[in-house]
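Hi,

Here is the structure I promised to pass on. Have a look at it first, and then read my notes below.

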Amino acid sequence: MSRKVEFFLHNLDENDISAACEVLRSVFLTTGSRVKEFESGFAKLLNIQEAVAVTSCTGALHLALMRYGIGPGDEVITTPMTFVATATAILEVGATPVFVDVCPNSGLLTPEAVEKHISEKTRAIVPVHLYGRMVDVKGFSALAQKHDLIFIEDAAHCIEGIRDEIRPGQLSHAACFSFYATKNITCGEGGALVTRSSEDAAWYRSARHHGISKNAASRYSKKYEHWDMEMMGWKYNMDDIHAALLLGQLAKVPSFHKQRENLEHLYRELLSDIEGLDFIEPPEPGEVSGHHLFTVLVPEDFSRDEVLTRLQEEGIGCAVNYRAVHNLSFFKETFGFRPEDFPVADRIGRRTITLPLYPKLTEEKVRFVCSTLKKILAR
Ligand SMILES: *Cc1c(COP(=O)(O)O)cnc(C)c1O
């Protein structure tokens, strides 16, 4: 069976590869001038004061929770319709993830639903901009202020989003991004935090690197000086090799975004007449989605897994984003969750299929995916 349509193709070009090779041919490989350049470019793109580059979004979420002293005994509200990392970052600091079910139309957490689950122990809320569409950041920011909570955005899907004229990080304590292999810009593995606070950024720069007072670049560029460890830290610093791969992609974020948006429109148009096939609602007029993933919800009377298998047999790469986190073995066994505890996330998780969406995907291939799906779902 040959793959006719890849699930994902990255956008690294020869210039990006040369930029990484240039670092490899130099003396200095770890966190240095490339990382610094990437951080200022990324902050500029997001129109925010500070960006701190780390090794993953999971690490970024972990650091953001640590920054505000969230730990054992604390509850952190999040969504079960996400990648496991949103919830495991909460577990990493020793806090308890409290899932709140999502809105059936958008798959997003809403401030109204979250407010009902705020308890004495709640310290933070971590909503996810699912598939690129932003949650109601204004609403969450107001809710966080009202209840004195920390508001951290999982923006792994959403470099590009704008809702109510707000971009990720502009109203929250921190927004966390991923440059994992299939994200909108990638370096294989990587992540970043953005924040409006220069004190927070300084803390993140120390915390990502053992809590050491001087970073490797300043130790390298100057004569040896003793360094000190001033606070507990972790090992989450991005290196110059990864930063070099990312730097050139920054300028292309808008054009990549436009291409994915156009392809998503084409999918929605071509799939609109399949009986029983449902969609996550598109962004409202005036709202900008990151258009990271395009998903369909298979008709209730079809088996999602069979449709998934059939698509792959026809040479189409696809995936599931996501089976609801509360249904995964570890969470079931640790917390005793049942599927019906979060019925909307459960239902999305049982019906959803992610179709290919990336700038290198051609319209012709989108047409092929759609006609194949139509054939599979024919009655
Ligand atoms: C990819 C992803 C993460 C984790 O990102 P890493 O960089 O792999 O740690 C977290 N949350 C969401 C929603 C993701 O899609």
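Before we start, a word on terms: a residue counts as exposed when its relative accessible area is over 50%, as buried when that value is under 20%, and as partly exposed in between. Keep in mind, too, that this is a predicted model.

R379 and E275 are both exposed, and they form a salt bridge in which the closest N and O atoms are 3.7 Å apart. R379 sits in the segment after helix 14 (363-376), while E275 belongs to the loop between helix 10 (253-270) and strand 8, so this pair ties together parts that are 104 residues apart in sequence. There is also a network: E39, E50, R205 and R208 are joined into one by salt bridges that share partners.

Now for the opposite case. Which residue does E287 meet in a salt bridge? The partner is R133, with 2.7 Å from N to O. The two are 154 residues apart, with E287 in the loop between strand 8 and strand 9 and R133 in the loop between strand 4 and helix 6 (137-147), so to speak a link between distant parts of the chain. Both E287 and R133 are buried. For E287 the relative accessibility is 12%, and because that is under 20%, the residue counts as buried. Leaving out residues up to four places away in sequence, E287 touches R133, M134, I162 and R163.

R123 pairs with D74, and their closest N and O atoms are 3.3 Å apart. Here again distant parts of the chain are linked: R123 is in strand 4 (residues 122-126) and D74 is in the loop between helix 3 (57-67) and strand 2 (75-78), 49 residues away. Is D74 buried or exposed? D74 is buried, at 14% relative accessible area, whereas R123 has 29% and counts as partly exposed. In total, the structure holds 26 salt bridges, and those above are among them.

Y224, W227, M229 and M232 make a nonpolar surface patch of about 490 Å². Look for W227 in the loop between helix 8 (216-221) and helix 9 (240-250). With a relative accessible area of 39%, W227 is partly exposed, because that value falls between the 20% and 50% cut-offs.

Happy exploring!

Note on methods
Residues numbered from 1 in each chain as written. Predicted model: local features only at pLDDT ≥ 70, side-chain atom pairs only at ≥ 80, totals over all residues. Heavy atoms only, no water. Buried < 20%, exposed > 50% of the residue type's maximum accessible area, 1.4 Å probe, protein only. Contact = heavy atoms within 4.5 Å. Patch = residues over 30% accessible without salt bridge, like charges linked within 9 Å, V, L, I, M, F, W, Y side chains within 5 Å. Areas by Shrake-Rupley, 256 points an atom, 1.4 Å probe, with all protein chains shown as cover. Salt bridge = Lys/Arg side-chain N within 4 Å of Asp/Glu carboxyl O. Helix = DSSP H or I, 4+ residues; strand = E, 2+ residues; numbered from the N terminus.
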